[in-house]
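Here are my notes for your read-through. Please keep the model open while you go through the points.

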Amino acid sequence: MRLDDAQNDAHRPPLVLGGSNFVFVSLFCYSSVFDLFQAYAVKCACRICYSYHITSLLVLGAENHQMGLLSLITGRPGASGFGSASTAEQVTDGVDASNLTVIITGGPSGIGLETSRVFALRGANVIIAARNTEAASEAKKSITEANPTARVDVLKLDLSSLKSVRAFAEQFNSMNLPLNILINNAGVMFCPFQLSEDGVEMQFATNHLGHFLLTNLLLDNMKATAESTGIEGRIVNLSSIAHEHTYPKGIQFDKLNDKKTFDRRSAYGQSKLANILHAKELSRRLKEEGANITVNSLHPGVIMTNLMRHSYAVMKAIQLATCLIWKNVPQGAATTCYVGLSHELKGVTGKYFADCNEEKTSELAKSDILAKQLWEFSEELVKSAHQI
Ligand SMILES: NC(=O)c1ccc[n+]([C@@H]2O[C@H](COP(=O)([O-])OP(=O)(O)OC[C@H]3O[C@@H](n4cnc5c(N)ncnc54)[C@H](OP(=O)(O)O)[C@@H]3O)[C@@H](O)[C@H]2O)c1
């Protein structure tokens, strides 16, 4: 079973079956035991969360939420009128995106697929940027079958290869299309130590560096589009609450590719911290230039997707114990669609969102110095990789 098949189960009431007394009694016993087990599991999880890194990533992080753990569980809306239970369709209800072109990286699956579907539903011209073009064509087929007027195209992009990023940008820029919105969504999580073809640790290379170069290469097009149309451009970086669980200094500039100190969870947190710092520094630069483009980052929630492929069993166990804080995919894509399309966020830039509301970040993610340092470091990395 693909993880995608299981992803719509979260936030849904349990299935109740009818049948003979025997079946009913069996089911009743089973569900009582299951309920008891769940209650016990939640209790245990709450205890464990104070000592275990991975559960604290899910639950302790939630405690830091401005909206609070209770809002996360109940779906109670925040100041925006939306909350953790809002879906991508709900938060874009009434939005006309027919004059917008959007690039969505990692559009073939999970949050990216739902984001692509809902942007297309609102009329946007959607470009799915994917390393697996076969899967992306399947995604396009599923979107256009359900919505025959949807405008969806697929372009090849492997974010772990700077050469591929350059080729993608060249191809897109030669198509003479405008570009209003860039959703930097693609990502990998917890993969074992591996260097990209450019010699950069894989999670940093894919989640941050590829998007850093991609954004820079598309920026002239976005600026020109914003200027000629008068429509605000938007860049949205998918980060994560996991940005709070990085290496002690945040970004290991001097040990980025050091296998000895590598820890796959901290490396993921590092790359997600980089997504926030990248958005923050780019937002500052664009503001200084007076460009009509906003840049924000977000945590989508915790959703069972293919992202969990390197830690599926652990994540499934955690999901069982902490089921109340998990979202389904339509809920998981809501914050991206809200930040990308909401009129309420006109002019809002350099911020971090979760559950469709502005959210606090870690102290490291607030650092202007770290953001600037990461920018310069990334520029150097891109330059040196170019010379390889
Ligand atoms: N799910 C969660 O609980 C959660 C929580 C916090 C943050 N996020 C963030 O949300 C984003 C979307 O994740 P998801 O949950 O929707 O996961 P997903 O279903 O695995 O989607 C990730 C997408 O990124 C693509 N991708 C991976 N490496 C790539 C590369 N080198 N070049 C181009 N595309 C690449 C994947 O393509 P392939 O199919 O070819 O691998 C896939 O289409 C990620 O940035 C993730 O960090 C997710």
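1. Helix α7 gives the largest share of the shell around the ligand, three residues. Helices (H or I, at least four residues) and strands (E, at least two) are DSSP runs, numbered from the N terminus. The model is predicted: local features need pLDDT of at least 70, side-chain atom pairs count only at pLDDT 80 or more, and totals for chains, interfaces and linings use all residues. Residue numbers start from 1 along each chain as its sequence is written.

2. How many residues surround the ligand? There are 30, and the closest are Gly106, Gly110, Ala186, Gly187 and Leu307. A residue counts as near a molecule or strand if its C-beta atom, placed from the backbone, lies within 6 Å of it. The elements that give two or more residues to this shell are α7 (110–121) and β7 (302–303). By class, the shell holds 14 nonpolar, 14 polar and two charged residues. Ala, Val, Leu, Ile, Met, Phe, Trp, Tyr, Cys and Pro count as nonpolar; Asp, Glu, Lys and Arg as charged; the others, Gly among them, as polar.

3. Now the sheet. Eight strands form an open, mixed sheet in the order β3-β2-β1-β4-β5-β6-β9-β10. Two strands pair if DSSP finds at least two bridges between them. The edges are β3 (151–156) and β10 (357–358), and each pairs on one side only. Strands β1 (residues 101–105) and β4 (residues 181–184) run parallel, joined by three bridges. Ile103 has Leu182 as its bridge partner in β4.

4. Helix α11 (residues 264–289) lies across β5 (233–238), β6 (293–299) and β9 (352–354). It runs at about 165° to β6. Axes are lines fitted to C-alpha atoms, for helices over the stretch in contact, and angles run from 0 to 180 degrees between N-to-C directions. Contact between two residues means C-beta atoms, placed from the backbone, within 7 Å.

5. Helices α9 (residues 162–174) and α10 (residues 202–229) pack at about 20°, with axes 9 Å apart. That angle makes α9 roughly parallel to α10 (angles under 35 degrees count as roughly parallel, over 145 as roughly antiparallel, 65 to 115 as roughly perpendicular and the rest as oblique). The residues of this contact divide into eight nonpolar, three polar and one charged. On the α9 side they include Leu162 and Phe172; on the α10 side, Leu213 and Leu217 are among them.

6. What about α10 and α11? Their axes come within 7 Å and cross at roughly 15°. So α10 is roughly parallel to α11. The contact includes Phe204 and His208 of α10, and Tyr268 and His278 of α11. By class, it has six nonpolar, eight polar and one charged residues.
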